[in-house]
Structure formats: C-alpha cells, structure tokens
Amino acid sequence: MYSNFQQSEEDIRQEVNLKIFVFICVCIVAFSILLIRLLQLQYFEYENNLKRAEENRIRKVNIKANRGLILDRNGVVLVRNRPSYQISLMYSGFKNKEIRDSVFERLLKIKDSNGKRLLDSAMLSFSFERGRWQKFRFQRLIEDAAPEIVALFEEHSEELPGIEILVESRRDYPFGMYGAHVFGYTSEISEQELELPENAHYVMGDRIGKKGLELSYEQEFRGNNGLRFVEVNAMGREMGIVEGMPFIAPISGNSIVTTLDWRLQKVAENAIPEGLKGAIVALNPQNGEIYAMVSRPPLDPNIFSLEKRELHKAWASVALDTAKPLTNRAISGLYPPASVFKVITAAAGLEANTLSEYTRYKSCGGGLRFGNRYAKCWLARGHAVLNVVGALRESCDVFFYQAGLDMGSERIGDMGRRFGLGSKLGVDIPNERSGLLIDSASYEKWFEKKGWKWSAGEILNIAIGQGALLVTPLQQTVMVGTLAAGNGLYKPHFLKEIVSPEGELVRKIEPEKIGEGKVSERTRNIVLKGLYEVVNAPNGTGRRAIVPGVTVGGKTGSAENPHGDKTHAWFVAVAPLDKPEIAVGVVLENAGGGGAMAAPIAQKVLDAYFNPLTSTAVTE
Amino acid sequence: MKKIDWVFMGSLFALIGIGIMLVYSATSNTDLVWYHTEWFKQIIHFAAGFIIAAIIVFLPSKSWKNIAWISYAISIIALFLVVNSGHISKGAGRWLDIAGFRFQPSEFAKIAYLMVSSLWLSRNRVSIVQPRTLLIPGLLFIVPFLLVLKQPNLSTALVFTVITLVHFYWAGFRLMDLFLFISPVASIIFSTMGLVPWSLLIIGVFFVSVRFKFPLWFIILVMTVDISSGYASQIAWNTMEDHQRSRILTFIDPMRDPKGQGYQVIQSQVAIGSGGMFGKGFGAGSQTNLAFLPEEHTDFIFSVLGEQFGFAGTLVVLALFFVLLLRGISICKLYPDSFVNLMVAGICATLFFHVVVNVAMTVGFMPVTGLPLPFLSYGGSFVLTCMIFVGLLINLRLKGKDI
C-alpha cells in the first residue's frame, strides 16, 4: 500500500480531490485564525489601540550641532557656548480641557522673586491657541529663562503637565562687551532667510550668525545638525530613542583662531575715555593681521540672546540711539582723514618730483591767500619756512596747500589709491565701507546730483585731508602702516586658522597681498623721517605717543567736521620705525586735537605690545 | 482550450491595485520627484511582471519540463555566487548584480526548485518507509535550502521547505506520514516548551506509528531520532550563552524586546488595531504618516492596509487571497497529470505561506522574518516572482492538457 504505482484514474482523481480538500481546509483554518486576531485588534481592542496610536508617537528631533568657538591668536576663548533654558508648551501634554485650563490658570499665577508675573494672559492665550493647531510642536513661553525661573518651573513640574524645559545652546561672551563689534552676534534665523536656497539645511529655530565674524564664518561655525527618532509618551515626554530608526550624530562646527591679540584688545577697550565715541585699530602692516579693533560707544552682545520682548526693547534702544552703538566705527565709520593724509600728499609730491626734501615754499604766517580765499593754517601764529619733514612734524597746512597746488589732485588721488584709500580693503567682517577719495577727475561725477563743480581751491582742502575726503579708521591705519613698512598692501583680516572641534588644524590663512603699496626708498625714508619727528622731535605734534625702548613714528590729525565745535582727534602710530610690526590707528569723535587726545591712547596700545610686563595699561 | 478564469484575474487585479495604492500612501510623503517614488517604481515592477507573465502564458506547458533542470542548475550557481560575493543589503548577502540589475537569486531559485521537484516527483513517487525514494528529492531540496540559509535568509529557506512538504504530500505522503516526517523538528521545538508538551508529542508519534502499522524498524528509527533530537536541543539550549538564548527567544516572541524588533510589531498591531472596523481613510493613517514603521511599504504593508481601511479592508484582502488560492488549486481538478498538479500545488502553497506568515507577523503571531506579502509589498524581485507564478498558473490552466 505504500508504493502503489498502478492507481486507476478514478483513484487518482479521488486522491487529488482529497488533497485539494485538505489544502482548502488548511487555508480556511489559517485565514480564520488571522481574521479572529484582526477582529480582536480592530474591534475588541479598537479603543485601546486608537488611544495608543494617538499617544504613542515617534518624534523626529534635530540634534543641534555645537557652534564653533572664537579664539584669539594665543588660544584665549573669546566666544563660547552656554546652555539656555526655554520654558515651552507641548499642547499634546494636556489630557483634557480641565487640565489645560488649570495649567493656564497656574501659569498666570507664577511670579518671580519680585512678585512680578512672568506671563501675561494675552501672550499665554496666543501660545495656547497656536499649540492647539500644532499639538506636537513646542511653543516657547519663556525664552532663555534665568536659573531661578527654571528652578521654579522644575519645582512645579508635577502640577504643570505639558510644560517642559528645553535646553538650547546660546552664545556666551566671557568678556562682555569687549570685541562685540568684531564678533557680531547670532540670532534665530528669520523666515526670509529660511527661504534662501543656501540656507536649505537650516530649520526653524536655528540660530545663525548675523554680523561680524559670526556672519562671515557661519559655514565654519555651523557644523551639521544630527537627527534622532524618539518615542514620546502621552504627556509628550521623551521616552528614549527608537532602535532601528536612523540616528545621525551631530558634527560640531569648526572653531576659528583669530589674529586678535586679546591682551591688546583689552588695553584698547580700556584706553578710550568713558563717553567718547570713536575707534581703535591695531594691525600688523607686514601681513594684514588685525591685533585689536575697538568701536565706541560699546555694544552689549548679550542683548541678542535676550528673551524676545526684552530683545525688542533692547534692540530698539540701540537701533534708535543717535550715537549708533551698532555701527562698527573701525570699518563703517567715515571721517575726514585730516592731517594724517599729509603723508599721502608728501609721498605723492616726492614721487612726482614736484617736491623734494629741500623744497621750501612761501613762509607760513598762519595762512595762505588763494584767489579771493584765505586758507588758514591750524597754527594761527604760523610755522615760518619748513621743509617737508618739518611740515609733517609740525603738520603745517600752508606747506601742504602749496605742495598740493604744485602737484595737482590726480597725483594725490593716485597715491591714496595705492595705499588702499577710496575702496574697500576686503576685511573679513561685513559692512566695511569704501570711504571717498576724490580728485578733479572724480569730483564732478561724484557730486553730479548736487551740481558741484570742481574748483582749483578744492585741492587746498584735499592736500590737508579735508574737503570731500572720507576714510575709515581701518583704511587710515593700513595706509600709514603700509607706507611705513614699504612691503606691500595686505588685506586686513581676522581669520588666522580654522581648527576642527578636536583641535586639529583645518586651514591656515596666508596673508593676501592686494596691492603693491610701495613708493621709492627715498620717498619712504623722507616720510619715515617725518613720522619719526612727529613723535620724537621736541616740537613734534605727537610727542605723547613715545614708548620707552622702541622708536615710534606717527602722524596726528584733527578733523574739522560739521558735528561739533571740537575736531575729531586722529593719531596713527607705527613702530618700530626701522621695521614696523604694528600700526595703531585711533580716532575720537569731537574730542579735540589728535596729539593731545588720540596719541596717548595709541601710546597705551604700543606700550602694551612692546612692554607687556611693565605696561601700566596691561596691569590695570 | 479552457477559457480564462475571470474570477482569478479579478482577484489578482484587485490585489495589485490595492497594493499600489498602499505603497503610494505609505511612501507619498517622501519628497521626491514622482518618477523616483516607490509607488511609481512599483507600477514599473508590475508592468514588467505582466510582460513576463504574458510571455509565460503563450509558451507551451511542456517548456517547464524542458527548462527545469537547466534553470535549477543556473539558480544553484547563482545562489553559490551570492553566498560568496553577494551585495550586502541590511547585513544579509542576498543580492546579485548582473548587467546593472540587482536581483535576488533566491527568488528565482524558488521557481526553479518548484519545476525540478515537480518534474522528478511526477515520475517518481515517494514513500516514507522507502528511504531511497526520498534520496534524490531530498538532495534537490537540501542544496538550495542550505545555500539560502547561509545567506542568511531563513524565511526563504522555509519557503523551500513548504514546497517540499506539499510536494511530498502530493507525491505519495499521507498526512500522518508528513506528521512523522516533521516530528524531529517538532521535537526540537517542543523540548524547549517543557517536559509535558514534549512527552505528549513523543507519545503522539508512538501512537500514530503503531496505530497505522508502520514497520518496526521505522518506528524504532522515528522514536530514536525524535527523542535524541529533543535531548540534543535541551543540551544545546542549556549550554548556550544568555545572549544567544535571548536572541532566539526574541525571534520567537518579539515582545520580549519592545524597543527593538518588538517595537515594529507593537507599532504594527497598534496601527492595525487603531484602524477599527472601517479604517481611518485612505492616506489618513497617523501611524503610517509619522513614518514610524521602518519597512512599512515592504514587510509591513498589511499594517498600512489595516490602519487605513480597518477590518473591512483586511477582510476584503484576505478574501481576495482566499479566492485566488481556491481558483488556483482548482486547476488540479482539471487535469490528472501529476506534473501540473505538483506545479500548481507548489505555487499555491508558496503564495499561501507568504500570506499567512506575513499577516501573522503584522498581528504579532509570528516572528519578524521578512517574508513580503504577495502583490501588495513593494519590491522588484518579489513582484517578478509573484507574476511568474501567476503566469505559470494561467499557462497551466490554459494548456495543462497538452503536457
């Protein structure tokens, strides 16, 4: 019976029918079991499963990458990150209306230590209304909450379902206002910015660099955000990450090592007398590395991390302030170059051979008659007869009036352009301005709208750095420094190195030569002699810039301006004169004479640079 | 020549339509251009599948006998290649790249094995008490089985096992023969459940073999193999490391690991259950839309169905599968030829096994094995396999007489 190969057709048919019957029975049994199970899940346990489906959710959470740091050239951390606590609302955390209403009432009653209400009802209803539409999104109630407020909410977390404390990273400035104009700030990315294609990898709520280095090197600082999937319970609380779902670890942003020398920056920050407006720039003219940059009035970068309403208030107060604390005067402030510009006039004349070290012009008796105009010298009693070195030393206007008339405005303009005036130098923070370098060729084009015509008298103004000329403190410093160093025009910059979060060097920045920036050795030596005597000769205008142990050269300036009685005080110093390694430019708005007001400030910075151990400014 | 079975075709098209719809709803929120989307690719898969099925239908039924051995040989070689140098996908080497196409040789090995086993067993019947009749079919089975197992792809290996059992049943085994045949495996499984179930099994085996007058040597052999395999598995179990044991337990019962494998199953059950009687509506499944199921458009497509169309939807789909299998197996009644019978029974059993194991997995009845749901799950190779099965069924129905 086990090997019956000779079955009849009828036997086979019966056997096949039986087997088909068995197969169908197995199908029916298996499908019935499955259907019973489905009925169990979908009918008998429906309510329970529906509840779980609504409660039991996966949330996609962005893990924000740590933002890179800003360091000075010696590794001092200038800008870092701190945790910031956000009191937030997750509407799905309210199980029912009663709980929602009681949480609303409780929130209204929460007061800080001064008895002031933390949340007002209008703002709270707005957040609750928004939460109703976005049940699974956090609505921020208190931004960047103070530690005592966080403690308060933690204490009451049991009574406040749906209220959570989120931790974000914000910028922290260990040195307060110092360097604020250079660093810039970060703030939440705006909706317009989010729509830009280059910002595709940002999400709502990300913070992005808005000014200064934070903006320039956003791509370095940013890093890459990570991603994880977490399971949240009915209260919206995270229960842990979900295995088997993608997890992308965040990659911290790169840090930048700046060219700043924080020691000098601190000295410069402290050097400007309280209440004065102005700027200081210290840089190395040999390669363009900026050591220090100060702008006054100061800006508190911490206001950009404030809670939104406070931020609006603080923002309004700085934005509407007529002193314009938001402006980085070192790169965006435009001033007449004043007598500092005389080095350009002198160099132009010497290069064009309309002037030599032996040239003597008409004696200065306190002014020069030109046509029907009497152009005064700053020294009413006059300087008598001087050569070019003496004219630089004592800043004799009458000498340069005549020198200017001799050579013409184009030569002055050419010389100015050669040392970076009249155009942006390309410093690596935004909002640099180009200033204005005018000669007879560009004058009428520039002032076409006003209908002004070039007149030969204009050259008198230009020769002494007044009139239509405008420079930024950075340009002024670069100009004098480059002329003195005689080594070419370098792009001023802050970025020295980019380093990875692990501290490895990613990229080193080489100095970038942006112009020849040169005059003949003979011309340079005459100008250097002038700069030397300004500081070191008994009757020099910049004697207050003397630093023991080093040869300082410099040039004073006192810019006439329509904003006040007093002149803007200018001083640009270079040292050591034989081989300049630092140039310091100082401008103080409406502070008076450059020699009296600005030179001592430059002196403090130079002293700190050359005598770090004995300098009083450093030890202060 | 028989007419086309319109009930069969109707069920088939209904299932394919539902499948594409579900793949669409499970993947439409991935923000790709439409021709990169999974649902569009799935339509392409089916279009290719229909062309192949049509070609198969127009070929003479004899061809399957003619190509059986050669295709079996080729698929063994392909399996051998993939085991040694396969493309690693999710840790399992299952794919082979040929001329820019990625395909799973194990899918086509199923078809080849089906044909060669049908061919052999149509000429040589098997009997459990005549072991030499089992030698060749056993060899034909064990080679692809081991190669697929080594990939490792347990679920497809089980498909080979199912084809083999059904073929043995069709080619001479009775139900009790099958029972005794698989009793050693049952003994291994039961021995882990405790002494009482295992003892009951052994007593059952003894009772059946004595009651149906099996030869003495056979009774002794079966009892020896059953008892020793039970003991061996006990010893192996006890000498295992804890983590190995827990891996096996988790495979059997995913709920033991609610954060890992169990997580998918729990979420799948919640998705199906929350669909209720009539579902949340097309595209409205919150579980699906939140994309919590990692493989929702492939292995867990049934959960998408359950959530969006409720019990009504799952009932309709299971009914369609039932009709499809019923109409398929009924081909056996048309022709007495045993090759046609074995082919049809093997195909129907394979489809049935896929459906039951996949649905049982989504409702938490079975381990997560990765067997897709025919006509509904996304995936090129599997769609092609299913459409080849369909083409073979239609071909055998129309031309089975000429064999």
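At roughly what angle do the axes of helix α7 (residues 175-191) of chain B and helix α9 (residues 216-239) of chain B cross? In this predicted model, the two axes cross at roughly 25 degrees and come within 8 Å. Because angles under 35 degrees count as roughly parallel, α7(B) is described as roughly parallel to α9(B), and the crossing in which α7(B) passes α9(B) is right-handed. On the side of α7(B), the contact involves residues including B:Leu180, B:Pro184 and B:Ile188, while α9(B) contributes, among others, B:Val222, B:Val225 and B:Gly230.

Chain B as a whole has 16 helices and three strands, and 47% of its 403 residues count as buried. Among the contacts in chain B with a separation of 6 or more, 68% are accounted for by residues 24 or more positions apart.

| Core | Size | Residues, among them |
|---|---|---|
| Largest nonpolar core | 126 residues | A:Ile280, A:Ala573, A:Val605 |
| Second, separate core | 115 residues | A:Cys27, A:Leu41, B:Met361, B:Val390 |

In the largest nonpolar core, A:Ile280, A:Ala282 and A:Val605 are among the residues with the most contacts inside it, and helix α21 (residues 594-610) of chain A gives the most to this core, with nine residues. Domain 1 (59-258) and domain 2 (263-296 + 326-619) of chain A both supply residues to this core, so it lies between them. Leaving aside neighbours within four places in sequence, A:Val605 is in contact with residues including A:Leu264, A:Ile280, A:Ala282 and A:Val584.

Note on methods
Residues are numbered from 1 along each chain as its sequence is written. Chains are lettered from A and ligands numbered from 1 in the order in which they are written. This is a predicted model: local features need pLDDT of at least 70, side-chain atom pairs count only at pLDDT 80 or more; totals for chains, interfaces and linings use all residues. A nonpolar core is a set of buried Ala, Val, Leu, Ile, Met, Phe, Trp, Tyr and Cys residues joined through C-beta atoms within 7 Å. A residue is buried if 20 or more other C-beta atoms lie within 10 Å of its own, exposed if 12 or fewer, and partly exposed in between; C-beta atoms are placed from the backbone. Helices (H or I, at least four residues) and strands (E, at least two) are DSSP runs, numbered from the N terminus. Domain bounds come from an automatic or database domain assignment. Two residues are in contact if their C-beta atoms, placed from the backbone, lie within 7 Å. Axes are lines fitted to C-alpha atoms, for helices over the stretch in contact, and angles run from 0 to 180 degrees between N-to-C directions. Angles under 35 degrees count as roughly parallel, over 145 as roughly antiparallel, 65 to 115 as roughly perpendicular and the rest as oblique. A crossing is left-handed if the near helix is turned anticlockwise from the far one by less than a right angle, and right-handed if clockwise.
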